[in-house]
Amino acid sequence: MILIKNGRIVDPVTQTDAVLDILLDGPVIKEVGENLTYEEADVLDATDLVVAPGLMDAHVHFRDPGQTWKEDINTGAAAAARGGFTTVVCMANTVPTVDNPDTLRDIQRRGEETGIHILQAACITKGMQGRELTDMEVLSDAGAAGFTDDGKPILCEKTLVEAMNRAKKLDLPIALHEEDPLFIKEAGVNQGEVSEELDYGGASRTAEDVMVARDMILALHTGASVCIQHISSGNSVDLVRLGKKLGADIHAEATPHHFTLTEKAVLKYGTLARMNPPLRTESDRQRIIEGLKDGTIDMIVTDHAPHTTEEKSKSMEKAPSGITGLETSLGLGILSLVQPGHITLMKLMELMSKNPAEFYRMIPGSIQPGAPADLVIFGENETWTVKDYASKAENSPFTGWELPGKVHFTICSGTVVYNG
């Protein structure tokens with residue numbers, strides 16, 4: 001038994017924002033109320049701290065199997081717990097890819113031993129080659145959380161429409177990486193002022209916009225539940241907003257780096273700011289924030305993409321894209337969205353917990369009797385310095401930043417999996 005005393009509960013499911021006590025009985029919440037006591041319970045003093053449902057990151061790369069020198073399922077889970085996450089959805093671009101039930105079940109089995117909830121998405125196409133569909137029905141039966149070829153776009157409309165139709169029948173979501181290579185001269189940097197200054201070809205926002213426009217209409221046509229991954233273009237935000245207005249079951253993710261940084265970060269941080277899709281302009285950043293405010297963008301995800309220092313030390317042309325993001329996500333959400341007054345802390349918890357769970361067909365975490373004992377306890381305005389990662393990787397432009405939102409405890413299934 002764990003008794004959490006005097007915490008400010010911020011629960012987007014029940015819309016509770018109040019100072020209360022919480023009694024945990026093993027993996028479930030037993031009681032929520034004022035002045036609770038239980039002599040045999042371990043007491044956690046949450047005075048002046050926020051207690052919220054455990055966060056959920058619907059877009060991570062744990063590199064396991066196949067690239068475990070970058071990250072593995074255990075270090076990825078440790079990074080998640082340190083960031084306040086009790087549930088993650090792993091992408092399918094492992095080696096081998098998750099296009100068969102054996103690989104899927106292996107990851108699921110090992111994920112059960114990490115202390116947090118690890119869900120695994122399966123590939124849309126075999127080998128992520130964009131041509132032949134996987135056996136989506138078999139993968140669904142094996143427990144796939146959804147389908148994605150994240151890292152690669154699906155260029156063939158016929159293939160994608162068939163995948164959407166099958167996903168619709170299975171009542172599982174599809175998440176799409178939207179970058180048409182026709183409009184990418186060199187990946188990782190926005191095609192604009194910074195790419196010109198660096199004499200680097202860059203990736204036009206058109207690469208994203210043209211595919212989002214297509215897939216918004218295909219989502220409307222098929223009725224499939226579709227997510228636009230790691231949205232970076234203000235035009236694409238407008239397209240998703242239009243899709244929702246037309247009645248499409250379309251959703252969108254935004255990452256902390258896309259709503260915090262612009263393309264100018266590349267000049268300061270070099271390859272640590274090389275992303276796919278790239279950081280774009282201040283106008284794009286502001287339009288992403290507007291999308292988060294008005295509900296066009298449903299989820300905040302990290303696109304946690306660990307790489308080694310050696311890999312990131314290569315030239316802009318040769319370095320891989322992406323950053324490690326699980327340990328800084330909550331702090332950046334507070335810094336870039338809550339503190340400036342764009343959204344409330346309640347809204348941030350909705351974007352980082354309730355909405356991703358609902359998109360992946362889960363009952364969202366909440367703080368009420370009978371609910372799973374998955375919680376994060378943090379100081380909303382308590383600052384900490386980004387360093388000493390739990391992840392194997394340190395590839396982040398945010399290293400050395402002072403962020404709010406220090407995580408004190410992460411509790412998953414009633415067990416403290418992080419104590420900071």
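In which strand is asparagine 6 found? Asparagine 6 lies in strand S1, which covers residues 2-11; helices (H or I, at least four residues) and strands (E, at least two) are DSSP runs, numbered from the N terminus. The structure is a predicted model, in which local features need pLDDT of at least 70 and side-chain atom pairs count only at pLDDT 80 or more, while totals for chains, interfaces and linings use all residues. Residues are numbered from 1 along each chain as its sequence is written, and side-chain values use heavy atoms, with hydrogens and water left out.

With a relative accessibility of 37%, asparagine 6 is classed as partly exposed, a category between buried (under 20% relative accessible area) and exposed (over 50%), computed with a 1.4 Å probe on protein chains only. Arginine 63 belongs to the loop between strand S6 (55-60) and helix H1 (73-82), and its relative accessibility of 10% places arginine 63 in the buried class.

Cis peptide bonds were assigned at two proline residues. Valine 95 and proline 96 are joined by a cis bond with omega of about 5 degrees. Proline 96 sits in the loop that runs between strand S7 (85-90) and helix H2 (101-111). A cis bond also links asparagine 276 to proline 277, with omega of about -5 degrees. Here the loop containing proline 277 is the one between helix H9 (265-269) and helix H10 (282-294).
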